[in-house]
Amino acid sequence: MSEKPIYILAIESSCDDTAAAVMRDTTVLSNVVAQQHIHEEYGGVVPELASRAHQQNIVPVIDVALKKAQITKEQLTAIAFTQGPGLMGSLLVGSSFAKSMAMALNIPLVAVNHMHAHILAHFIDEAGFDKPTFPFLALTISGGHTQIVVVNSFFDLKIIGETTDDAVGEAFDKSAKTLGFPYPGGPLIDKYAQLGNPKAYRFTKPKVPGLNFSFSGLKTQILYFVQKQLAENPHFIEEQRNDICASIQETIVQILMDKLKLAVAQTGIRQIAIGGGVSANSGIRKALKEAETQYNWKTFVPKFEYTTDNAAMIGIVGYYRFKENHFSDAGVVSKARIEF
Ligand code: KG4
Ligand code: ZN
């Protein structure tokens, strides 16, 4: 006799996307994300506006997720939500909603670490996407995070490297801002980089020992470089746009690849799974593909909708936690910073 399926409603509200998903075991039935475009005018996420937008979006987003999954809330087995890390005002909207809904339905509540979720997103069932086997290295790169993690099992994870200042997505977005691109400018840098010469300009890579990262120096270096060039030629950005973008991207990709190579050398693990919005970057994808043949690595990139902030990734952690009877009570608190 087969086991009864587990239906989990997952809620993610750690930053500026309000997201809900319904999972049947490890399969996604619906995955809905409401993006908050209000922040574009400000060139970055404004916490108060994010919290207010979550309050407006959360009910319709959950409603759509349940409708798309074609199930009623009474059929749910459990509710999973993001406990942290993230913006406190944003986290509280998701956690309060999840707690009240679980209480009203009298079903278990599962608190999920957002960074854990970016990693276990690789275990969502998706045709054409392989799952890594344990142990593997996870590189989580987004607008808010930059981490290298050794993943020994679903619940045994160890951070071996992380950023000491800006996240890699911020390095892309802040460089893009210097070039006058709208927020978030990472995808635009990528687009123009593909048309330019990555060796046109040289930026020095930060000297951070071990497996940690630093991106704030690079951001300042790019700002001063562009200001100096503009003083000599006011049309520098328009004329050299593609080459500047290609050179910035090349530097960032090299920084990531250097640390990954060091992590592989230190751990002996050759399976690399990437996640987070920056994993969409064509430069990092190309470098990882090349490393498969050059260094005999096996690399994993999840489907795009599961790699940017989404609730299906919260749902997959919720599923594995549920299987272990690892529940939270209504007293569980949101945390802006949180360890695995
Ligand atoms: O995971 P995500 O959607 O949200 C969080 O930050 O958690 O990641 C968004 C980040 C932004 O910094 C965005 O500029 C960057 O991912 N990004 C990219 C690309 N696509 C998204 N950066 C470089 N190249 C891309 N193709
Ligand atoms: Zn994230």
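About 1400 Å² is buried between domain 1 and domain 2 of this predicted model, and carbon and sulfur atoms give 70% of that area. Buried area here is the accessible area (1.4 Å probe) that two parts lose on being put together, summed over both. The size of an interface is often given in this way, as accessible area lost when the parts come together. Domain 1 covers 7-120 + 307-323, and domain 2 covers 131-301. These bounds come from an automatic or database domain assignment. The C-alpha centres of the two domains lie 27 Å apart.

In the interface, 15 residues of domain 1 are in contact with 17 residues of domain 2, contact being heavy atoms within 4.5 Å. Salt bridges between the domains number zero; the rule asks for a side-chain nitrogen of Lys or Arg within 4 Å of a carboxyl oxygen of Asp or Glu. Four residue pairs, both at pLDDT 80 or more, are in polar contact across the interface. A polar contact is a pair of N or O atoms within 3.5 Å; within protein, one must be able to donate a hydrogen and the other to accept it, and residues adjacent in sequence count only if both atoms are side-chain atoms. On the side of domain 1 that touches domain 2, helix H3 (114-120) and helix H9 (312-323) each supply at least two residues. H3 gives the most, with six residues. Helices (H or I, at least four residues) and strands (E, at least two) are DSSP runs, numbered from the N terminus.

Ligand 1 has 18 residues around it, each with a heavy atom within 4 Å. Gly143, Asp173, Asp190, Gly277 and Asn281 come nearest. An N or O atom in the side chain of Asp190 is 2.8 Å from a nitrogen atom of the ligand. For Asn281, a polar side-chain atom lies 2.9 Å from a ligand nitrogen. A polar side-chain atom of Asp309 lies 3.0 Å from an oxygen atom of ligand 1.

Backbone geometry was also examined. Most residues other than glycine have a negative phi, and most peptide bonds are trans. The bond joining Phe134 and Pro135 is cis, with omega about -5 degrees. Pro135 sits in the loop between H3 and strand S6 (136-141). Tyr183 to Pro184 is also a cis peptide bond, with omega near -10 degrees. The loop between helix H4 (168-178) and helix H5 (186-193) holds Pro184. Gln70 has a positive phi, near 55 degrees.

Residues are numbered from 1 along each chain as its sequence is written, and chains are lettered from A and ligands numbered from 1 in the order in which they are written. Local features need pLDDT of at least 70, side-chain atom pairs count only at pLDDT 80 or more, and totals for chains, interfaces and linings use all residues, while side-chain values use heavy atoms, with hydrogens and water left out.
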